[in-house]
Amino acid sequence: MRSKNKPAQTKAEAAHAARLAEQPCVVCDAPGPSEVHEPEQGLWFASMPLCYACHRGPEGWRGTRLRWSLRKMTELKAINKTVESTYA
């Protein structure tokens, strides 16, 4: 579902997001399909793949972020790991 103030994805953004959704979670390595998290609305090329628990679960990014802190993961580190895995 798209926010009403959020612009629609371009073809390239949609293709990139689809590739990310196939990858494992960048935080806990749970196998895909994953949810695609944008660090800021509309920044699809800086997005990362996250499992439900690490994204929207009670201890995930939208919750207490415990899953992230236990792994010493930040949003910037997750972006870096996502880009690194794209080229590995």
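The model is predicted, so local features need pLDDT of at least 70 and side-chain atom pairs count only at pLDDT 80 or more, while totals for chains, interfaces and linings use all residues. Residues are numbered from 1 along each chain as its sequence is written, and side-chain values use heavy atoms, with hydrogens and water left out.

Helices (DSSP runs of H or I, at least four residues) and strands (E, at least two) are numbered from the N terminus. Helix α1 covers residues 11-22, and its end C-alpha atoms lie 17 Å apart, which agrees with the 16 Å that its 12 residues should span at 1.5 Å a residue, the expected span being 1.5 Å times one less than the number of residues. Glu13, His16, Ala17 and Leu20 are the buried residues of α1, where buried means under 20% relative accessible area, exposed over 50% and partly exposed in between (1.4 Å probe, protein chains only). These buried residues fall within an arc of 100° seen down the axis of α1, so they line one face of the helix; the arc is that of the directions from the helix axis to the C-beta atoms. They pack against β1 (35-37), β2 (48-50) and α4 (75-87), contact meaning heavy atoms within 4.5 Å. Lys11 and Glu22 are exposed on the face turned away from the buried side of α1.

Most residues other than glycine have a negative phi, and most peptide bonds are trans. The peptide bond from Gly32 to Pro33 is cis, with omega near 5°, and Pro33 lies in the loop between α1 and β1.
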